[in-house]
Amino acid sequence: MKSKFFEKETVFGLLFCLIVAVPAWLLGLKFPIIGGPVFGILLGMIIAFFRRPAKLEKGIKFTSKYILQYSIILLGFEMNLFNVIRVGGQSLLVMLFTLTSSFVTAYFLGKALKTESSITTLIGVGTSICGGSAIAATAPVIRAKDADVAQAISTIFLFNIIAVFIFPPLGHLLGLSDTGFGMWAGTAINDTSSVVAAGASWSSAAGNNTALAFATIVKLTRTLMIVPITLVLAVYTTRKLARAKSEGSDDGDGSFSFVRVFPWFVLGFVLTAILNTFLPIPEQVSATLVDIGKFMIVMAMSAIGMNTNLKKLLTNGLKPMFLGLCCWFVVAVVSLIVQHFIGML
């Protein structure tokens with residue numbers, strides 16, 4: 001049986017997504033606050049307006065699903081478990097409270113707003129863990145539609161941009177210490193690029209790199225929460241599909257299986273993190289592998305954009321945006337409250 005990588009129909013679409021991802025990646029390097037994944041989605045949505053050859057479809061679908069999963073594995077080379085353990089002891093309590101508050105807010109507000117469960121989950125995960133990477137890891141587990149992924153990424157992006165500009169002045173207004181701001185930025189801003197941008201802004205004014213270094217390590221430590229969250233969601237999805245099948249629902253198509261739903265790529269993420277921690281892998285090699293993983297995410301986001309109906313996205317966008325705003329606000333406030341009580345501000 002031939003691998004899907006080498007099927008002609010898959011290769012055409014895969015190469016097309018790669019070509020589209022190149023300018024998106026370069027734009028992301030030029031404007032890191034926005035980031036390559038957002039540019040990828042935007043370019044993909046522009047392409048979606050035009051009719052494209054049918055032979056591209058299989059590869060586009062493959063990219064949006066499987067390349068997305070493989071990219072998460074490579075991100076493990078960004079992790080050093082010793083740093084996680086060192087900082088984790090200081091940040092674990094803050095992370096647990098922000099994670100819980102984000103999911104509780106997303107669940108109940110999502111019910112009140114009647115947003116689709118997949119969008120609610122993706123926004124909750126993206127806000128509480130690590131933005132686009134967490135959404136990328138969660139989407140295949142809960143079988144989210146491409147439009148839901150695009151909606152969640154767009155929502156997270158908006159509040160990342162806002163956070164970069166307002167967190168440093170707010171931190172000064174609140175009288176935060178360098179480590180206090182680093183913890184706040186690392187736990188309450190989503191994507192790594194935005195955390196780094198906010199941390200660099202603070203450190204530039206402070207005349208040292210304490211906030212930047214601390215925020216970055218806390219942010220990378222948050223990334224590990226992808227593992228337990230995706231495992232829990234895998235179990236939940238399996239039970240949901242099993243229940244749907246027993247009730248004769250269309251959602252229960254008989255294909256449910258824990259083995260199929262289980263996020264095996266997350267185990268790959270853990271393995272690469274372990275390898276990066278305990279093997280003498282040159283830093284440049286690890287950085288290159290991580291960059292490849294991030295480029296693959298841009299490829300996947302480009303494919304997702306190609307399968308996204310922009311009109312529908314804009315029409316249904318207000319509720320997810322409000323949900324994202326509330327989750328983001330709650331996480332930012334809870335992070336400060338917990339830090340206050342443990343004396344880290």
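How many residues does helix α16 have, and how far does helix α16 reach from its first C-alpha to its last? I found 25 residues (318-342) and a reach of 36 Å, close to the 36 Å expected at 1.5 Å a residue. Helices here are DSSP runs of H or I with at least four residues, numbered from the N terminus. The expected span is 1.5 Å times one less than the number of residues. Just after α16, I noted a positive phi of about 75° at Gly-343.

A reminder to myself: this is a predicted model, where local features need pLDDT of at least 70 and side-chain atom pairs count only at pLDDT 80 or more, while totals for chains, interfaces and linings use all residues. Residues are numbered from 1 along each chain as its sequence is written, and side-chain values use heavy atoms, with hydrogens and water left out.

Next I looked up the aromatic pairs, and the structure holds 10. Rings of Phe, Tyr and Trp (its six-membered ring) pair if their centres lie within 6.5 Å; planes under 30 degrees apart count as stacked, over 60 as edge-to-face and the rest as tilted. Phe-167 and Trp-184 are stacked, because their ring centres are 4.0 Å apart and their planes lie at 15°. Phe-167 is in helix α7 and Trp-184 in helix α8, so their pair ties together parts 17 residues apart in sequence.

I then checked Phe-167 against Trp-328: the centres are 6.2 Å apart and the planes at 25°, so this pair is stacked. Trp-328 lies in helix α16, so the pair with Phe-167 in helix α7 ties together parts 161 residues apart in sequence.

Note on methods. Helix = DSSP H or I, 4+ residues; strand = E, 2+ residues; numbered from the N terminus.
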